Amino acid sequence: MSTNKRRLNLNVGINTTGYLANAWKYRSGDRHDINDIGYYRRLTELAHKGRFDAVFLSDHPALLTDPTSRPFHTIDPLILSTSLAAQVPDIGFVATVSSTYNSPYNFARRTQSIDIITGGRLIVNIVSSFNPSVAANFGNDPLPPRNERYAKATEFLDVAKKLWASWDPRREGEVPEGRFWDAATAETIDHEGQYFHVKGPLNVPRGPQGHPVIAQAGASEGGIDLAARHGEIIYCNILSRPAGQAFGKKVRDRAVSFGRDPSGIRIVPGLVVILGETREEALRKHELYSGTGSEDGLLARFAKENGIDPRDFDPDAKLDAERFVPDQNRQWAVGMGLGLSDLLSHEKLTAREAVRRSEGHHRLLLGTPEEVADGIIDLWQDGTVDGYTLQPPRAPDDIAEFVEQVVPVLQDRGVYPREYEGTTIRDRYGLPQAD
């Protein structure tokens, strides 16, 4: 398909055993996979076979030690991406990095280096970290308040962008004989800000994309500000068309208010897919992989997670959206928790209906390959979303099933490529070259 034609973008998460904490019991492979580079190479090769734009590696630099679940984050995403890029061609890599616990110079140097080495295949997903356990791994200071973390993240990316552009060989004039290079192509940035003081320039030149693509996740007010200022690929929780359109408009309007062209923003929310030969089979798999065992189990979990007294819980009563708005001051991520309240503000649903619309804070599609393809195309076709980040319940099993059963349907319908087109992530997402 032509690169001039709008097409569906798809990334896929490849963290350890898959996205759902309880689904590891039903996957192929063993527990040693999670620290085996060969395993991650096989996942990336599967994603390449499915012509995914990128594999997505989230991160949380603290070990969660629930022995009934699985560690979800192990090998550092930037290091893992570098290794995998050397072994698997074409495909991009979304590597998650905390702006709270990194220095902008070291970040800019490592990511620009990887983007050059990979020929423009790096996306950096900036998070501000929200767990005190992470803070405890980086010193004695407590986790900063949310507003401070987002302010720091904004300045962090301001500095990184200056550094990425600080050595630009395109400015080079004619180099006199006896001189190796034109040193005037590298300029100090002399940044003096609230959180960072950086002289520069970077000792790595501009990369093939200008700089790596910037991804950002979050739908709280601070997250939307950060996405509007810097985000190019926005990872979020969109459960319906009206909610997705409202979110996209909010981000793009905010971008305009900051003087930014919103055409450089792509909305690529998370998506959990569970396939079956019939919808009924997919429903039973959902109950199994979620760890709840039945629809009654799903409903009991819903009540518990939302603080509803089981004695007062009617699973067939319409839900009030206001009841499910997360506390904006809570410790844990706010943005992903907004998905349910946003959904309910546009659609009057019961709990029995709502538990089949979302799993792991992402849109849930259940059914046959054709039904799943219909659901994917539905929100993409009118521009509500630009694509999805598939979060497979089980890895490698659900990645393989999606590649074998859903990708051919999307290709036959003309919305998804049969071969990689363009060389960089910016090419494939239709994003402008970074200044």
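Reply: One term before we start: two strands count as paired if DSSP finds at least two bridges between them. Keep in mind, too, that this is a predicted model.

The strand to look at is β12, residues 362-367. It is mostly covered, with 6 of its 6 residues buried. Let's take its partners in turn.

On the parallel side there's β10, residues 270-275, which pairs with β12 over 5 bridges. To find your place there, look for Val272, which stands opposite Leu364 of β12.

The other partner is β11, residues 358-359, which runs antiparallel to β12 and is joined to it by 2 bridges. These two strands form a hairpin with 2 residues between them, and in that hairpin Gly360 takes a positive phi near 60 degrees.

Now zoom in on Ser358, which belongs to β11. Its bridge partner in β12 is Arg363. The side chain of Ser358 also has a polar atom 3.3 Å from the backbone oxygen of His362. Leaving aside residues up to four places away in sequence, Ser358 touches Leu239 and Leu364.

Is Ser358 buried or exposed? Its relative accessibility is 19%, so Ser358 counts as buried; the cut-off for that label is under 20%.

Notes:
Residues numbered from 1 in each chain as written. Predicted model: local features only at pLDDT ≥ 70, side-chain atom pairs only at ≥ 80, totals over all residues. Heavy atoms only, no water. Buried < 20%, exposed > 50% of the residue type's maximum accessible area, 1.4 Å probe, protein only. Helix = DSSP H or I, 4+ residues; strand = E, 2+ residues; numbered from the N terminus. Polar contact = N/O pair within 3.5 Å; in protein donor to acceptor, adjacent residues only side chain to side chain. Contact = heavy atoms within 4.5 Å.
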